[in-house]
Amino acid sequence: MHDLRQAGAKAAEIMADHLEGVAERPVWRPVPDGELAWLTRQELPETGRALDELLEDAREHVLPYPMGNGHPRFFGWVNSPPNPAGVLIEPLAAALNPSCAGGDHAGPHLERTVVRWLAGLVGFPHPPGGGLLTSGASMATVICLATARQQAALADGWDAREEGLSGRPPMVMYVTEEGHSCLHKAAQLLGLGARNVRLVPVDATYRMDVRALRAMIAEDLDAGLRPFCVAGSAGTVNSGAVDPLDEIADVAAAYGLWFHVDGAYGALGVLADGAAAQYAGLERADSLALDPHKWLGVPVGCGCALLRDPGAARAAFSLVPSYLVDENAGDLGWFAEYGPEQTRPFRALKTWATLSYLGRSGVKRLVEHTTGLARTLGAMVEAAPDFELLAPVTTSITAFRHTPRADGLDELNRAIPVAVQARGNAFLTGTRLGGRDALRTCILHPDTTEQDLVVLLDEIRLAAKAL
Ligand SMILES: Cc1ncc(COP(=O)(O)O)c(C=O)c1O
């Protein structure tokens, strides 16, 4: 234990040095061959090594090669820097090392609070037991869609868990072309079949075309299929668009469909001043995915599945063998009854610490700051003759492209992200939007400034010139 005490103090120093120095180092750089060899080819030591040596190795071979998301000029995908409270508290979760499957210990009790806080932040109804923490939104989505699938089967008088899906009319789900890939993966994993995931067209602002949704459902019903779920997005990954959730909720209610909302990234955007109207209808969803490891900066991985009816998730997952029976579990039972994981890590501690450190006002400030910068970037892009804004800025994502010439813009914009990344001064990623190759930024870092946006546009220009 003496070793751990000493090495722990040193680990704290290394951690603080790393975080303090992030902004001075390249945002990202490729792992050099020598280091790659260390990372990938080392042999398992025959005899155990000292704690102190492990720290030295991590300092020398691991910390210098980050993904980049700790840096204020990291704008790629949807990856936030770690919140300091989350970083601080993570080792304590490891020190306790519980399984939060359930039981009467701190982990599951704290998870109930954290889930309630998350639901409260975005105004989602929270009956006791109405949610659980997951590895991320991909797993939250599996839980929500599996729940929807079982509810649809039960409503039709059969049991999908017992019988499987064969011999039944295909269940059909509706997402927009902008829906995240995790919705498709979940549908495939659950045996629904990729061909039964309908791509609903979007309008000019990349929001679901609800008239088209209605028409597609009607057509599928006529064809003898079983429409069962519509998934809207509260913040798409490409442009940050928020679907017309209220209208989608109306359609779901009219046809008896499960209404899922993917708010993994964007649900917290509801906290920005003036944003509430845009999110109207979120509170009508049957399920909502919301990732603490995105906008909040809870260290990866922590997602959350929120459910209007906790009993529905339990009906989809509960399986308690004799060796897991807990007579004292109470009405809600164990978290493990609400999803596929049995042994579950103590995700609640880092989420509790992050939320407590920020407070409601801190979360709101973070959302205001990052959405404000995304709008500023949108305005800078619109004002620049060599850039074009591709979508309205509604959350903290800005979708645009570089237009220094008339031809070959798809090719140019497809090549820009890697070229910018290689320069090490900023990091952004690309996508395709409305049939065009696009650049997109997602701002999640509390320390990003307007000057960083100036640097970003200059970096894009410089990288493009060299292509
Ligand atoms: C809108 C959206 N939904 C879902 C996901 C999947 O989340 P996770 O990577 O936590 O599984 C992401 C990831 O970036 C996302 O941006």
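# Pockets and cores in a predicted model

Biologist: Where in the protein chain is confidence lowest, and where is it highest?

Modeller: In this predicted model, helix 1 has the lowest confidence, at a mean of 94, and strand 5 the highest, at 99. Confidence here is pLDDT, the predictor's value for each residue, from 0 to 100. Helices (H or I, at least four residues) and strands (E, at least two) are DSSP runs, numbered from the N terminus. The mean pLDDT of the protein chain is 97, and 100% of its residues reach 70 or more.

Biologist: What are the ground rules?

Modeller: Residues are numbered from 1 along each chain as its sequence is written, and side-chain values use heavy atoms, with hydrogens and water left out. Local features need pLDDT of at least 70 and side-chain atom pairs count only at pLDDT 80 or more, while totals for chains, interfaces and linings use all residues.

Biologist: What volume does the largest pocket have?

Modeller: About 1,400 Å³. A pocket, on a 1 Å grid over the protein atoms alone, is an open set of points where a 1.4 Å probe fits, with protein on both sides within 12 Å along at least five of seven lines; lining residues have an atom within 4 Å of a point. Grid points are joined across faces, edges and corners, and the volume is the space filled by probe spheres set on the points.

Biologist: Which element gives the most to its lining?

Modeller: Helix 1 does, with nine residues. The lining of the largest pocket divides into 31 nonpolar, 12 polar and five charged residues. Here Ala, Val, Leu, Ile, Met, Phe, Trp, Tyr, Cys and Pro count as nonpolar, Asp, Glu, Lys and Arg as charged, and the others, Gly among them, as polar.

Biologist: And the second largest pocket, what is its volume?

Modeller: About 330 Å³. Of its 22 lining residues, Val78, His180, Val237, Tyr265 and Lys294 are the closest to its centre. Its lining has seven nonpolar, 11 polar and four charged residues, and strand 10 gives the most, with three.

Biologist: Changing topic, which residues touch the most other members of the largest nonpolar core?

Modeller: Val122, Tyr174, Leu213, Val230, Phe259 and Leu268, out of 64 residues. A nonpolar core is a set of buried Ala, Val, Leu, Ile, Met, Phe, Trp, Tyr and Cys residues joined through side-chain atoms within 4.5 Å; buried means under 20% relative accessible area (1.4 Å probe, protein chains only).

Biologist: What is Leu213 in contact with?

Modeller: Leaving aside neighbours within four places in sequence, Leu213 is in contact (heavy atoms within 4.5 Å) with Tyr174, Val200, Met208, Val230, Ile248 and Val251.

Key. Buried < 20%, exposed > 50% of the residue type's maximum accessible area, 1.4 Å probe, protein only.
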